[in-house]
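Have a look at the model first.

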Amino acid sequence: MNFFIRHLKVNRDGVLVMMAFQAGLFLLGVVMVLIINTFLNDEQDCAAIGGMMALMGTIFGGLVRGGITGGSRYRMAVSMGWPRLAYILVDPLLTVMNCIVGVAFAAVLNELEVWLYGVIYPGWEVELNVFAVMPWWAYPAIVLGIALLDFLFGALLLRFGPKGFAAVWFPLCFLPLVIGNSVDAAREGGASLLAQLGRGIVFVIGLLSPTMWAAVGAALVLVLLVLSVQCYRRAEVRV
């Protein structure tokens with residue numbers, strides 16, 4: 001408990017940095033809506049972009065808490081004499097707490113945005129309110145997903161450094177786009193390399209039921225967690 005309190009004090013600025021980043025994204029989204037409605041949109045109806053961008057800011061608050069990556073936070077903690085195992089247990093918990101605050105703050109900003117447009121544009125109707133359409137289970141999924149990525153990426157940075165992290169991060173960023181486009185090309189009956197890749201993806205997906213794929217995903221996450229814990233426990237930290 002003492003370690004948790006000390007770690008919480010050291011990282012107390014992280015949530016403030018995240019909220020400031022979210023507020024900046026929120027204002028950017030609101031300005032975008034005002035510009036679109038002024039110059040491009042005749043009906044004045046649009047999505048609550050500011051709230052969505054504020055929610056995206058929670059990712060920043062989780063993965064780069066206080067402007068520091070998980071690998072750097074770990075090295076700082078261990079160099080200060082904190083037990084490695086205690087860090088492994090406590091830091092993800094702080095990430096979860098940070099993300100809960102981030103999601104709640106984004107929800108408040110979203111409500112503020114919807115109210116603001118209702119005042120500025122009488123009769124305004126929201127085209128997309130992400131907080132209104134997301135099911136309840138999406139919120140804990142977002143929080144736990146960010147905490148998991150933060151833990152895994154921190155271990156990746158410790159084990160392979162920034163270059164190794166980039167070698168994994170950038171392909172992951174483009175992978176959903178490649179998969180989606182390849183599957184669409186396959187459904188259209190194309191003969192390109194992308195379409196052939198899409199047919200291969202569809203074939204592999206069809207080999208297992210959704211439940212079995214969920215089990216495979218859970219097993220993969222478990223393996224990654226075990227490997228990440230080993231990275232944290234064996235990482236070289238120079239004092």
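## A buried loop residue and its surroundings

With a relative accessibility of 0%, Ala48 counts as buried (buried means under 20% relative accessible area, exposed over 50%, partly exposed in between, with a 1.4 Å probe and protein chains only). Ala48 sits in the loop between H2 and H3; helices here are DSSP runs of H or I with at least four residues, strands are E runs of at least two, and both are numbered from the N terminus. Leaving aside neighbours within four places in sequence, Ala48 is in contact with Asn110, Glu113, Val114, Val126 and Leu128, where contact means heavy atoms within 4.5 Å.

Before going on, a word on the model: it is predicted, local features need pLDDT of at least 70, and side-chain atom pairs count only at pLDDT 80 or more, while totals for chains, interfaces and linings use all residues. Residues are numbered from 1 along each chain as its sequence is written, and side-chain values use heavy atoms, with hydrogens and water left out.

**The chain overall.** The chain has nine helices and zero strands. Its C-alpha trace spans about 60 × 50 × 30 Å along the principal axes. Of the 239 residues, 36% are buried. Among contacts with a separation of 6 or more, 75% join residues 24 or more positions apart. The chain exposes about 14200 Å², and 73% of that comes from carbon and sulfur atoms (Shrake-Rupley method, 1.4 Å probe; for residues, only the protein chains shown count as cover).

Which residues have the most contacts inside the largest nonpolar core? They are Leu55, Tyr117, Phe131 and Met134, in a core of 27 residues. A nonpolar core is a set of buried Ala, Val, Leu, Ile, Met, Phe, Trp, Tyr and Cys residues joined through side-chain atoms within 4.5 Å. At least two residues of this core come from each of helix H2 (12–39), helix H3 (49–63), helix H5 (84–120), helix H6 (130–133) and H7. H5 gives the most, with six residues. Met134 touches Leu55, Tyr139 and Ile142, its neighbours within four places in sequence left aside. A second, separate core has 13 residues, including Tyr87, Leu152, Ala155 and Leu158.

**Pairs in sequence and space.** Ser72 belongs to helix H4 (residues 70–79) and counts as partly exposed because its relative accessibility is 32%. Trp169 is in helix H7 and, at 31% relative accessibility, is partly exposed as well.

| Pair | Apart in sequence | Apart in space |
|---|---|---|
| Ser72 and Leu158 | 86 residues | 8.4 Å |
| Trp169 and Arg159 | ten residues | 14 Å |
| Ala48 and Val216 | 168 residues | 36 Å |

**The largest pocket.** About 500 Å³ of space lies in the largest pocket. On a 1 Å grid over the protein atoms alone, a pocket is an open set of points where a 1.4 Å probe fits, with protein on both sides within 12 Å along at least five of seven lines; lining residues have an atom within 4 Å of a point. Of the 16 lining residues, Leu152, Phe153, Val168, Leu224 and Ser228 are the closest to its centre. Helix H7 (138–187) and helix H9 (210–234) are the elements that give two or more residues to the lining, and H7 supplies the largest share, ten residues.

Methods:
Points joined across faces, edges and corners; volume = space filled by probe spheres on them.
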